[in-house]
Amino acid sequence: EFNLGVLATYQDAKIRKALVNGVPNTALQGNRVMRQPKLQLRLSPSYELAIGDWNVNLYGAAAIVDDRFGDLANTTVLKGFTKVDAGIKVETPWGVFGQVHADNLFNSHGLTEGDPRNPAAPNGRPILGRSFRFSVGYDF
């Protein structure tokens with residue numbers, strides 16, 4: 001059985017009114033809201049099959065995030081990125097299961113958000129590099 005989950009958000013949020021220390025700042029009006037991309041998309045395909053009494057689930061996820069700004073002045077661009085995860089889970093008829101999961105399979109680089117202490121700085125919270133997780137468990 002094949003499944004596909006799709007989650008998409010499109011927003012073009014703009015600053016309509018800005019106060020800096022209680023004083024209106026018209027220079028910011030019309031700028032995009034900081035750290036909010038216009039487009040975010042998540043695709044989550046999976047394929048489940050039975051091989052005898054064993055259940056196998058192959059799955060993936062792709063997160064696509066558009067460019068956004070790290071500051072209200074819209075001068076610091078946080079580049080968009082695509083992050084892909086994948087894995088397989090195998091369940092036995094005895095309740096034992098095993099799973100292999102790859103996070104950030106293609107070792108994408110990007111920032112999930114800017115530096116909250118200095119929004120003009122081109123640094124912040126990065127996507128972590130490629131990693132793999134192996135696990136074994138028992139359902140009882």
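Tutor: Welcome! Let's settle the names: strands (E, at least two residues) and helices (H or I, at least four) are DSSP runs, numbered from the N terminus. This is a predicted model, where local features need pLDDT of at least 70 and side-chain atom pairs count only at pLDDT 80 or more, while totals for chains, interfaces and linings use all residues. Residues are numbered from 1 along each chain as its sequence is written, and side-chain values use heavy atoms, with hydrogens and water left out.

Student: Which strands stand at the edges of the sheet, with a single partner strand each?
Tutor: Two strands pair if DSSP finds at least two bridges between them. The open sheet has six antiparallel strands in the order β1-β4-β5-β8-β9-β12. Each edge strand has one partner, so one of its sides is left without a neighbour in the sheet; these strands are β1 (2–10) and β12 (131–138).

Student: By how many degrees are neighbouring strands of this sheet turned against each other on average?
Tutor: Axes here are lines fitted to C-alpha atoms (for helices, over the stretch in contact), and angles run from 0 to 180 degrees between N-to-C directions. For this average, direction is ignored, and the turn is 10 degrees.

Student: How many bridges join β5 to β8?
Tutor: Let's walk across the sheet. Strand β4 (residues 39–51) is joined to β5 (residues 54–65) by 10 bridges, and Ser46 stands opposite Tyr59 in β5. On the way to β8, Gly60 faces Ala86 as its opposite number. Strand β8 (residues 81–91) runs antiparallel to β5, and the number of bridges joining them is 11.

Student: Which residue takes a positive phi in the hairpin of β8 and β9?
Tutor: Strand β9 (residues 96–103) runs antiparallel to β8, with six bridges joining them, and Glu91 has Phe97 as its bridge partner in β9. Four residues lie between the strands of the hairpin, and the one with a phi near 95 degrees is Gly95.

Student: Is Asn104 buried or exposed?
Tutor: Asn104 lies in the loop between β9 and β10 (111–114), and its phi is near 55 degrees, a positive value in a residue other than glycine. Most residues other than glycine have a negative phi. Buried means under 20% relative accessible area, exposed over 50%, and partly exposed in between (1.4 Å probe, protein chains only). At 0% relative accessibility, Asn104 counts as buried.

Student: In which loop is Arg35 found?
Tutor: Arg35 also has a positive phi, of about 65 degrees, although it is not a glycine. At 32% relative accessibility, this residue counts as partly exposed. Arg35 is found in the loop between β3 (23–24) and β4.

Student: Which element gives the most to the nonpolar patch?
Tutor: Patches are made of residues with over 30% relative accessible area and no salt bridge, joining like charges within 9 Å and nonpolar side chains (Val, Leu, Ile, Met, Phe, Trp, Tyr) within 5 Å; areas come from the Shrake-Rupley method with a 1.4 Å probe, and for residues only the protein chains shown count as cover. The nonpolar patch covers about 900 Å², with Phe2, Tyr47 and Phe132 among its residues. Phe132 is found in β12. The element that gives the most, with three residues, is β1.

Student: How far apart in sequence are the parts that Trp54 and Trp94 tie together?
Tutor: Rings of Phe, Tyr and Trp (its six-membered ring) pair if their centres lie within 6.5 Å; planes under 30 degrees apart count as stacked, over 60 as edge-to-face and the rest as tilted. The structure holds two aromatic pairs. Trp54 and Trp94 have ring centres 5.6 Å apart and planes at 90 degrees, so this pair is edge-to-face. Trp54 lies in β5 and Trp94 in the loop between β8 and β9, so the parts tied together are apart in sequence by 40 residues.

Student: How many residues apart are Lys38 and Asp12?
Tutor: A salt bridge is a side-chain nitrogen of Lys or Arg within 4 Å of a carboxyl oxygen of Asp or Glu, and the structure holds five. Lys38 and Asp12 meet in one of them (3.9 Å, N to O). Lys38 sits in the loop between β3 and β4 and Asp12 in the loop between β1 and β2 (19–20), and their separation is 26 residues.

Student: Are Asp85 and Lys83 buried or exposed?
Tutor: Their side chains also meet in a salt bridge (3.0 Å, N to O). Both Asp85 and Lys83 are buried.
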